[in-house]
Amino acid sequence: MIQRDVIIIGAGAAGLFCAAEAGKRGRSVEVLDHAKKVGRKILMSGGGRCNFTNMYAAPENFLSNNPHFCKSALSRYTQWDFISLVAEYGIAYHEKTLGQLFCDNSAADIVDMLLAECTKYSATITTQCEIFQVEKSTQGYLLSTSKGEYQCQSLVVATGGLSLPKLGATPFGYKLAEQFGLKVLPTRAGLVPFTLHDEDKQALADLSGIAVDVSAGCQNTHFREAMLFTHRGLSGPAILQISSYWQPGEEVEIDLQPAFSIGDNLLQAKKENPDSHISTCLAKHYPKRLVQVFMERNQWPNVPVKQLNEKQISEIDQHFSGWTIKPNGTEGYRTAEVTLGGVDTNELSSKTMMAKNVEGLFFIGEVVDVTGWLGGYNFQWAWSSAWAAAQAV
Ligand code: FAD
């Protein structure tokens, strides 16, 4: 029987950071993971450069059934704390946009840093370890695994969400929560591209590869970023962001002119350049293929702008500012960056991440019903929730 103060299940972002921080407090810590390699999501995050935090991270950037839950952990271990750690390791980074911090070189820098911290504080990691059974004992927890029997006082569950099953994602954490009587809120894919109904897919097929600056919204929430037409539907940051708020069957409103007004431009062209054609005016703001598809779809004749009356101009303007589309669904966990829902925060202490009614059992990271926006927020939640638990295990 292997004895440890703390066993952490899951050697991803939250598990590795929690291991190092608990080790720093003098606890004997072991991380168990069924995968061959640790931190696989970190390695492929941010296009291989890991968007490891966001300078503007705040509770408002997170979705949860209880929006207040994340406040404590985020305020006790902030983005600035993690940035200091990154700087301490001499990892070069840059702000890409909107406060999003990426490694200059490679996401492997972050994994190496976490592993170095684990080594520094004597936290050990065992990979390719299947967990067969977890039981509560008088001293804590007994784990039966493919690498032997373990006993620990504190058990931290950091098994993440369901996205990218091919990288080792499993519902283990949710099942363990249920085993100990904790409520798990329904899960669904977040930060995920939309798929479209056949009719829309065919109509927009020629636009695949085109990106436009938009404001995409539903549920009174809007994101101003790029949208990308794909051969399956819609993607790009604005779409990924709004997908976390979207409910099946709902329409998404897309303002294709968030920074200008096509209506004003057509009125101006009518005065200054009355013989120019509608398509020429629109093509000043949008790729030609998009103009063509929109004109065909709406049966706008390509006449000189002088032939348009104010009502027609207003209709064209309205079309670009209030384009709506009803997605068929999402690409699901196969491509989603995160999982919404998970272990109900009402079951956990926001200060320690420990289950309120199960002494010594902790849940951290994505397995908990706290999901960040796109832009480094999900890793910040992993670091902050891991740190909070590490102070209490
Ligand atoms: P994970 O990092 O998923 O770690 C969970 C660990 O648990 C894994 O090592 C897994 O092997 C292990 N595990 C699972 N089941 C078992 C089991 N049954 N037994 C033992 N071990 C198990 N977020 C950002 O903030 N910035 C980004 O740039 C970013 N890019 C992303 C890109 C992609 C393609 C994806 C999929 C996600 C991205 N995210 C990003 C989200 C971010 O990766 C996650 O929110 C974060 O990794 C969650 O950390 P975690 O430790 O909770 O879970």
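View A. The model is predicted: local features need pLDDT of at least 70 and side-chain atom pairs pLDDT 80 or more, while totals for chains, interfaces and linings use all residues. Residues are numbered from 1 along each chain as its sequence is written, and side-chain values use heavy atoms, with hydrogens and water left out. The count of aromatic pairs comes to 21, where rings of Phe, Tyr and Trp (its six-membered ring) pair if their centres lie within 6.5 Å, with planes under 30 degrees apart counted as stacked, over 60 as edge-to-face and the rest as tilted. Phe62 and Tyr377 form an edge-to-face pair, at 6.1 Å centre to centre and 90° between the planes. Phe62 belongs to strand S4 (residues 62-63) and Tyr377 to helix H13, so the pair ties together parts 315 residues apart in sequence. Helices (H or I, at least four residues) and strands (E, at least two) are DSSP runs, numbered from the N terminus.

**View B. Tilted pair Phe294 and Trp323.** The ring centres of Phe294 and Trp323 are 5.5 Å apart and the planes stand at 45°, so the pair is tilted. Because Phe294 lies in helix H11 (residues 288-298) and Trp323 in strand S17 (residues 323-325), the pair ties together parts that are 29 residues apart in sequence. Phe294 has 1% relative accessibility and counts as buried. Trp323 is also buried, at 3% relative accessible area.

View C. One aromatic cluster is formed by Phe17, Phe52, Tyr77, Phe82, Tyr93, Phe379, Trp383 and Trp387. Elsewhere in the list of ring features, Lys96 lies over the face of Phe102, 4.8 Å from the ring centre (a charge sits over a ring if NZ of Lys or CZ of Arg is within 6 Å of the ring centre and within 35 degrees of the ring normal).

**View D. Largest nonpolar core and the second core.** The largest nonpolar core has 84 residues, of which Ile110, Leu143, Leu155, Phe363 and Trp381 touch the most other members. Helix H13 (residues 377-390) supplies the largest share of this core, 10 residues. A second, separate core holds 44 residues, among them Phe194, Phe229, Leu256 and Cys281. A nonpolar core is a set of buried Ala, Val, Leu, Ile, Met, Phe, Trp, Tyr and Cys residues joined through side-chain atoms within 4.5 Å. Beyond four places in sequence, Leu143 touches Ile7, Ile9, Leu32, Ile131, Gln133, Val134, Gly148, Glu149, Tyr150, Cys152 and Leu155; contact means heavy atoms within 4.5 Å.

**View E. Ser384 in helix H13.** Ser384 counts as buried, at 0% relative accessibility. Leaving out residues up to four places away in sequence, Ser384 touches Ala73, Leu74 and Tyr77.

**View F. Gln391, in the segment after H13.** Gln391 is partly exposed, with a relative accessible area of 28%. Gln391 touches Glu21, Arg25 and Arg76, not counting residues up to four places away in sequence. From C-alpha to C-alpha, Gln391 and Ala177 are 21 Å apart in space and 214 residues apart in sequence.

**View G. Second largest pocket.** The volume of the second largest pocket is about 170 Å³. Its lining consists of Leu63, Ser64, Asn65, Leu185, Pro186, Arg188, Ser244, Leu340, Gly341 and Asp369. Strand S11 (184-190) and strand S19 (338-343) are the elements that give two or more residues to this lining, and S11 gives the most, with 3 residues. On a 1 Å grid over the protein atoms alone, a pocket is an open set of points with protein on both sides within 12 Å along at least five of seven lines, a cavity is a set where a 1.4 Å probe fits but cannot get out, and lining residues have an atom within 4 Å of a point. Points are joined across faces, edges and corners, and a volume is the space filled by probe spheres set on them.

**View H. Largest cavity.** The whole structure contains 1 cavity of 30 Å³ or more. The largest cavity has a volume of about 30 Å³ and is lined by Leu196, Asp200, Lys201, Leu204, Ala205, Thr230, His231, Arg232 and Gly233. Helix H7 (residues 198-204) gives the largest share of this lining, 3 residues.

**View I. Whole chain.** The chain has 13 helices and 21 strands, and its C-alpha atoms fill a box of roughly 85 × 40 × 35 Å along the principal axes. Of the 393 residues, 55% are buried. Among contacts with a separation of 6 or more, 72% join residues 24 or more positions apart.

How values were computed. Buried means under 20% relative accessible area, exposed over 50%, partly exposed in between (1.4 Å probe, protein chains only).
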